Amino acid sequence: MNATIEHRTWGDWPSVRLATEAVELEVVSEVGARVVSLRDRRRDREWLVQGHKPRELEQMDWAGEGFVFGGRESFGWDECLPTTAVCADPTAPDGPALRDHGDQWGRGAYLALDHERGAVEHTWSVPRWAYRMHRRLSFADHETVSAEY
């Protein structure tokens, strides 16, 4: 299913809108590739909680290893791997705790756009461990969002 891809801004941040005639979503790479909007265009219904748009310096705080997720940051769709809260690392219980909301939350992601297939892709590199996470958002049909990991 082909969708249109449009460059936009969300507050001070560049964003990408992926849309069909029925559904649209908006993603901000700079804040963890957060999906900040998922909207039914036919009914003009927003499906995600809307929230505060961070300023540049505040977003840099979000990316910090010790930043704790609070109520103001509770909106949109975030990726939370490997955890959703600060906790001990099961592979190294005496080492540093795992980060609140995982390694992707609030941190920039590499963006790739597939205009031909109508997809938005993000890749996160994780310095603490040797893994990369990849997510591809597209539409399976004109009204169904597909998220591949």
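How does the radius of gyration of the chain, with 149 residues, sit against that of a compact globule? Some notes, with that one first.

1. **Overall size.** A compact globule with 149 residues would have a radius of gyration near 15 Å, and the chain comes out at 16 Å, which agrees. The radius is taken over C-alpha atoms, and the globule rule is 2.2 Å times the number of residues to the power 0.38. The C-alpha trace spans about 50 × 30 × 20 Å along its principal axes.

2. **What you're looking at.** This is a predicted model, where local features need pLDDT of at least 70, side-chain atom pairs count only at pLDDT 80 or more, and totals for chains, interfaces and linings use all residues. Residues are numbered from 1 along each chain as its sequence is written, and side-chain values use heavy atoms, with hydrogens and water left out.

3. **Elements.** The chain has 1 helix and 9 strands, in the order β-β-β-β-β-α-β-β-β-β from the N terminus. Both kinds are DSSP runs numbered from the N terminus: helices are H or I with at least four residues, strands are E with at least two.

4. Buried residues make up 44% of the 149 in the chain; buried means under 20% relative accessible area, exposed over 50%, and partly exposed in between (1.4 Å probe, protein chains only). The chain exposes about 8000 Å², with 52% of that supplied by carbon and sulfur atoms. Those areas come from the Shrake-Rupley method with a 1.4 Å probe, and for residues only the protein chains shown count as cover.

5. **Trp124.** You'll find Trp124 in strand β7 (residues 119–126), where its 3% relative accessibility makes it buried. Leaving aside residues up to four places away in sequence, Trp124 touches several others, among them Gly32, Glu79, Arg107, Tyr131 and Met133; contact here means heavy atoms within 4.5 Å. Pro96 is 28 residues from Trp124 in sequence, and their C-alpha atoms are 21 Å apart.

6. Of the contacts in the chain with a separation of 6 or more, 44% are between residues 24 or more positions apart.
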